[in-house]
Amino acid sequence: GAGIANHAELIAVPVNLAVRVPHDLPLDAASTVTLGAIALQGVRRAAPTLGETVGVIGLGIIGQLTAQLLRVDGCRVVATDIDPSRVAVAVAGGLAHGADPSAFVDVAAKVTDGYGLDAVIVTAATASDDVVSQAFRACRKKGRVVLVGDVGLDIKRADLYDKELDFLISTSYGPGRYDPTYEIEGQDYPIGYVRWTENRNLEEYLHLLAEGRVTLAHLRAENFDIDAAPRAYEALGRPGPKPILVILAYPQRSEAAVRTIQIRTAAPTLGQIRVAIVGAGSFAEAMHIPNLRKLRDRFTLRAVMSRTGATAKAVAAGNGASYATTDLEEILDDRDVDLVIITTRHDTHAALTLRALEAGKNVLVEKPLALNPDELDEIEAFFSGRERPMLLTGFNRRFSPAIRLARKALAERKSPLIANYRMNAGYIAPSSWVHGPEGGGRNIGEACHVYDVFDFLTGAEVVRVTADGIRSSSRHWSPNDNFVATVAYADGSVCTLTYTALGHRAHPKERLDIYADGTVTTVDDYRSVVIRGGRNSEWKSRTSEKGHVEELKAVADCLSAGGEWPISLGEQLRAMRIAFAVEELLPSAN
């Protein structure tokens with residue numbers, strides 16, 4: 001579950017999402033652990049007490065487990081489902097009161113001497129609003145309804161108001177779910193404050209199975225080998241009796257786990273640059289892959305690598321790649337890969353870049369090149385005194401038509417320049433990975449784009465960096481969300497960035513004003529350039545053109561002709577070192 005525990009022979013699961021299987025508990029039973037945790041958390045939200053009568057609406061696998069857990073908790077259970085065979089299965093498993101949906105409210109009243117159910121847990125899946133209405137009507141005064149399933153929620157006020165009912169939502173496996181600090185970073189909640197976390201719910205369900213207090217024996221489970229997975233899905237949708245539980249089994253194989261899948265065999269056109277994408281996330285799919293297809297006369301997509309095999313395969317198959325893999329070594333050992341494009345999370349950029357360079361691959365890595373000076377020094381040391389493959393950090397803005405036109409207008413300037421860059425960056429919650437150790441923060445992770453633009457416009461060495469950010473006690477803001485940084489250059493130029501998350505999203509994101517030699521050049525959100533003074537000129541575009549296609553063209557020119565890199569190593573390092581200098585001066589560094 002959680003997008004991590006996928007159907008695969010080999011997976012990597014963060015510590016808080018993994019639990020030890022009790023001795024002698026078969027793995028096929030243990031594989032239901034996330035389903036059991038969902039049911040267990042629903043029961044915990046209902047907070048039943050010994051002797052209460054609780055209803056369950058919907059007797060799929062989660063409803064079946066819910067009914068059993070309630071009985072373990074000392075409750076009488078009344079359950080219903082639109083499929084009578086599922087009610088019969090629950091009765092075979094020990095359910096005392098099974099009901100047809102049309103009679104559920106009446107049965108609930110009869111079993112409770114007319115008072116109504118103490119609680120109802122809804123584990124059904126339907127767009128109908130009738131299910132929650134039925135749950136409310138079945139409850140006693142001051143009862144509670146817990147929603148675990150996915151049902152229509154057009155709630156009638158009268159259903160709740162007269163009885164003063166509580167309506168609760170159960171979020172999946174328990175506390176910790178959807179919290180990246182807990183699920184991904186592995187920071188547990190202290191047991192003294194959160195007794196039943198996501199992990200502890202998973203663990204407890206397995207204990208209940210191992211002790212025999214919850215059983216799967218009567219649930220009509222059907223087993224299929226993973227190679228027959230399509231048949232397993234067909235079984236769930238077949239007419240007539242259907243399995244409540246389908247288990248996919250991975251047979252022991254003599255060969256090593258397969259981490260690479262061949263998609264097609266195709267010989268590239270002579271002169272095409274063969275590309276491997278490392279990190280098949282949204283940016284790669286939305287930007288680089290469509291641009292590679294636009295430039296298909298110069299590039300061909302050979303391979304796609306992603307942490308999850310399903311993603312790698314889907315992206316590779318959908319875009320004509322030769323193969324998909326979860327193994328970086330497969331790409332690094334492939335002699336038919338000319339260029340590796342790295343679009344993973346920021347904290348992996350430096351290490352992946354070095355590994356690809358050491359394998360002799362040309363590299364285009366999305367910004368930032370590194371997250372700290374030590375990583376940057378390692379990359380610089382790699383290139384020391386020797387011819388090496390091409391490295392390009394994805395500072396695409398310098399390749400945009402707007403910045404190229406601005407640079408051309410400044411080509412013969414006699415005075416230093418003043419540049420004011422405003423980035424209305426937009427708000428990102430502090431819990432986002434962007435602010436965490438894997439993102440590096442917005443100064444290093446995004447503002448480095450602007451520092452490269454400053455370098456490109458001035459063409460001079462940096463002599464001084466100053467910066468400050470707003471100081472706020474509110475945890476709504478991350479410390480480097482809002483700051484002003486100024487870079488002074490050896491030619492006398494001064495460039496200032498105002499980076500803020502305080503603005504409104506309807507306002508254009510980026511604007512650059514450049515003053516030099518009696519002229520003013522304004523770049524507005526990479527949609528227009530207006531130059532006033534000297535030879536007045538303008539450029540406009542209906543879309544924001546930030547130079548991604550032009551960046552790839554520059555890469556193609558470099559690799560085809562063997563000329564200078566699109567951005568020199570020194571310029572790439574300098575932009576990152578400006579970012580590190582700014583970071584040291586911001587409140588977050590104090």
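1. A cavity, as the term is used here, is a set of grid points where a 1.4 Å probe fits but cannot get out. The model under review is predicted, and it holds one cavity of 30 Å³ or more. About 30 Å³ of space lies in this largest cavity.

2. The residues that line the largest cavity are Gln-64, Ala-67, Gln-68, Arg-71, Ala-90, Gly-93, Leu-95 and His-218. Helix α3, spanning residues 61-72, gives the largest share of this lining, with four residues. By class, the lining of the largest cavity comprises three nonpolar residues, four polar and one charged.

3. Several elements supply at least two lining residues each: the helices α1 (27-30), α2 (33-46), α9 (198-210) and α10 (229-237), together with the strand β10 (246-249). Sorted by class, the lining of the second largest pocket contains 27 nonpolar residues, seven polar and three charged.

4. Attention may next be given to two helix pairs. Helix α14 (residues 349-358) packs with helix α15 (residues 373-382) at an angle of about 15°, and their axes are 10 Å apart. Angles under 35 degrees count as roughly parallel, and α14 and α15 are therefore roughly parallel to each other. The crossing of these two helices, α14 and α15, is left-handed.

5. On the α14 side, the contact is made by Ala-350, Leu-354, Leu-357 and Glu-358, and on the α15 side by Glu-375, Glu-378, Ile-379 and Phe-382. The contact of α14 with α15 has five nonpolar and three charged residues, and no polar ones.

6. For the second pair, helix α17 (residues 442-458) and helix α19 (residues 569-585) have axes that come within 8 Å and cross at roughly 125°. That angle makes α17 oblique to α19. The crossing of α17 and α19 is right-handed.

7. From α17, the residues in contact are Asn-443, Ile-444, Cys-448, Tyr-451, Asp-452 and Asp-455. They meet Glu-571, Arg-574, Ala-575, Met-576, Ile-578, Ala-579, Phe-580, Val-582 and Glu-583 of α19. In terms of class, the contact of α17 with α19 has nine nonpolar residues, one polar and five charged.

How values were computed
Residues numbered from 1 in each chain as written. Predicted model: local features only at pLDDT ≥ 70, side-chain atom pairs only at ≥ 80, totals over all residues. Heavy atoms only, no water. Nonpolar A, V, L, I, M, F, W, Y, C, P; charged D, E, K, R; others polar. Axes fitted to C-alpha atoms, helices over the stretch in contact; angles between N-to-C directions. Parallel < 35°, antiparallel > 145°, perpendicular 65-115°, else oblique. Left-handed = near helix turned anticlockwise from the far one by under 90°. Contact = heavy atoms within 4.5 Å. 1 Å grid on protein atoms, 1.4 Å probe; cavity = no way out; pocket = protein on both sides within 12 Å on 5 of 7 lines; lining within 4 Å. Points joined across faces, edges and corners; volume = space filled by probe spheres on them.
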